[in-house]
Amino acid sequence: MISVPEKIETPRLLLRQWTPADLPPFAALNGDPEVMRFFPAPLTREESDILAARFREGIAERGWGFWAVEAKESGEFVGCVGLHPQPDRFAFSPCTEIGWRLAKAFWHQGLAHEAATAALEFGFETLALGEVVSFTSVLNTPSESLMKRLGMTRAEEFLHPALPPDHRLAEHVLYRKVRNV
């Protein structure tokens with residue numbers, strides 16, 4: 001049995017299980033058109049709460065997932081970062097995905113990189129994953145830049161199966177990072 005920590009700490013952040021207090025700021029983040037510009041649409045409060053519940057249940061089940069991210073100094077909710085199993089949704093499944101979504105107030109401070117680096121380390125060192133993938137719309141150059149800074153390698157382009165082929169966000173790019181042995 002793998003021993004997973006209750007939370008992951010970085011110099012400035014805590015990656016932890018979700019709490020009820022996270023729901024309002026998560027809904028604000030998910031309702032922000034600028035934050036959600038590379039997603040099909042902003043989320044309603046109900047959709048956001050359902051997503052947070054799914055993330056919470058995944059962590060409760062496995063001990064890991066898309067964690068709530070908290071700024072250590074202020075206690076503010078920053079967003080979510082973490083790992084998610086993708087057993088059968090994509091042609092490159094099964095795989096484990098790393099992803100992130102931060103509130104606009106926390107952009108351009110290196111926080112997504114800091115949290116994602118910790119999540120990758122957890123995936124490789126604690127879970128002993130052989131590989132982690134990340135993907136986004138080809139239009140989402142900020143996320144693609146982060147994938148590169150994390151040492152991930154561009155693997156391929158694909159059409160996201162949940163979107164119509166002619167949707168503006170359908171074309172996606174896949175990045176991979178293999179564990180150093």
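**View 1. Cysteine 95 and cysteine 80 in a predicted model.** Cysteine 95 is buried, at 11% relative accessibility, where buried means under 20% relative accessible area, exposed over 50% and partly exposed in between, computed with a 1.4 Å probe on protein chains only. Cysteine 80 is likewise buried, with a relative accessible area of 4%. The structure holds zero disulfides, a disulfide being a pair of cysteine sulfur atoms within 2.5 Å. For cysteine 80, the nearest cysteine sulfur is that of cysteine 95, 17 Å away. This is a predicted model, in which local features need pLDDT of at least 70 and side-chain atom pairs count only at pLDDT 80 or more, while totals for chains, interfaces and linings use all residues. Residues are numbered from 1 along each chain as its sequence is written, and side-chain values use heavy atoms, with hydrogens and water left out.

**View 2. The nonpolar cores.** The largest nonpolar core has 46 residues, and those with the most contacts inside it are Trp18, Phe26, Ile98 and Trp100; such a core is a set of buried Ala, Val, Leu, Ile, Met, Phe, Trp, Tyr and Cys residues joined through side-chain atoms within 4.5 Å. Helix 3 gives the most to this core, with nine residues; helices (H or I, at least four residues) and strands (E, at least two) are DSSP runs numbered from the N terminus. A second, separate core of seven residues includes Phe92, Cys95, Phe158 and Leu174.

**View 3. The largest pocket.** About 1400 Å³ of space lies in the largest pocket, the volume being the space filled by probe spheres set on grid points that are joined across faces, edges and corners. On a 1 Å grid over the protein atoms alone, with a 1.4 Å probe, a pocket is an open set of points with protein on both sides within 12 Å along at least five of seven lines, and lining residues have an atom within 4 Å of a point. Of the 47 residues that line the largest pocket, Phe39, Trp100, Arg101, Thr136 and Asn140 are the closest to its centre. Strand 5 gives the most to this lining, with six residues.

**View 4. Glutamate 144 and its surroundings.** Glutamate 144 is found in helix 4 and is buried, with a relative accessible area of 9%. Leaving aside neighbours within four places in sequence, glutamate 144 is in contact with Thr136, Val138, Arg154, Val173 and Tyr175, contact meaning heavy atoms within 4.5 Å.
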